[in-house]
Amino acid sequence: MLSAKSLFQEILDHDESFRLFCSIAASGESQGGWENGRIAALVPESERALAPRIARHGADEEKHGRIFQALLKKRGLEPVAVPPETDYTALLERRGIGLAHEKLEADRPLTVPDLVTYLAHSRVTEQRAAEQMAMLRRYFAGHPDIGRAVRMISADEDNHLAYSHEELLRLAAAGHGPLIRRTLRACALAEIAVHRDVSLAVMARMGRLLGWPRARSAALAAGIRAVYAYERLGGWRRMVTLRMPERRDALGGPATPAPGPA
């Protein structure tokens, strides 16, 4: 049966597929933590009030990386190298989405347009993350091994999404609306293509690890391409709309500590 729940359960139950899943997730979260930390350090003086929220975002991402590493450790597994074709963060950067690492590695303050680029990237990618974690929470919130981790990460991703909405609306009110709209559109169209490519690559590797028959792998690949077609035809627009979140100042406090891996 091809369902999201049965598919992930199969990945969860097999050591090598679970090892790959957690390794990819841990790497992406840790990379996001570093990026947010650098952005917080380089915020221009006119936007210094934003720096603690960006730093909180980075601390959350680093925490998520540690959670996935702890899940591996609990199973007695070591991380594996992330295959380049599954590296979502690197592939987005290669397409010019988000702030380039060369800029983050320099010591020059960022500009307000740079912050728009960062926040638009967050708005789009956190939409994807929030949706994926909501799916896992729906099916596995009570799971004895990953339930607590899923619930915490899902709540954090919702906060990150709320924060990016609120800050982009603030900057739009300050006169940056046209730049925000252009940047969001470019980011969303690039993200849906990268998400398709990464999903195909991850499922191909999972199929080899789990010994899926060719027909099943083909059906999953067709499903991934169908999702991309929907998103390209208009589904991407959900990633670029802005509305004031119910929870304001979602990243205004300190990061919550990571739970144990259960």
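Visitor: How are H3 and H6 set to each other, roughly parallel or oblique?
Guide: In this predicted model, H3 and H6 are oblique to each other. The packing angle is about 40°, and angles under 35 degrees count as roughly parallel.

Visitor: Which residues does each helix span, and how far apart are the axes?
Guide: H3 covers residues 51–74 and H6 covers residues 112–140. Their axes lie 13 Å apart.

Visitor: Left-handed or right-handed crossing?
Guide: The crossing of H3 past H6 is left-handed.

Visitor: Which residues make the contact?
Guide: On the H3 side, Ile54, His57 and Glu61. H6 brings Leu115, Tyr118, Ser122 and Glu126.

Visitor: And by class?
Guide: Three nonpolar, two polar and two charged residues make up the contact of H3 with H6.

Visitor: Changing topic to cavities. How many of 30 Å³ or more?
Guide: The structure has one of that size. The largest cavity holds about 80 Å³ of space.

Visitor: What lines the largest cavity?
Guide: The lining consists of Phe8, Phe18, Phe21, Ile67, Phe68, Leu71, Met133, Leu136, Ile146, Ala149, Val150 and Ile153.

Visitor: Which elements give two or more residues to that lining?
Guide: Helix H2 (15–41), H3, H6 and helix H7 (147–210) do.

Visitor: How many nonpolar, polar and charged residues are in the lining?
Guide: The lining of the largest cavity has 12 nonpolar residues, with no polar and no charged ones.

Technical notes:
Residues numbered from 1 in each chain as written. Predicted model: local features only at pLDDT ≥ 70, side-chain atom pairs only at ≥ 80, totals over all residues. Heavy atoms only, no water. Axes fitted to C-alpha atoms, helices over the stretch in contact; angles between N-to-C directions. Helix = DSSP H or I, 4+ residues; strand = E, 2+ residues; numbered from the N terminus. Parallel < 35°, antiparallel > 145°, perpendicular 65-115°, else oblique. Left-handed = near helix turned anticlockwise from the far one by under 90°. Contact = heavy atoms within 4.5 Å. Nonpolar A, V, L, I, M, F, W, Y, C, P; charged D, E, K, R; others polar. 1 Å grid on protein atoms, 1.4 Å probe; cavity = no way out; pocket = protein on both sides within 12 Å on 5 of 7 lines; lining within 4 Å. Points joined across faces, edges and corners; volume = space filled by probe spheres on them.
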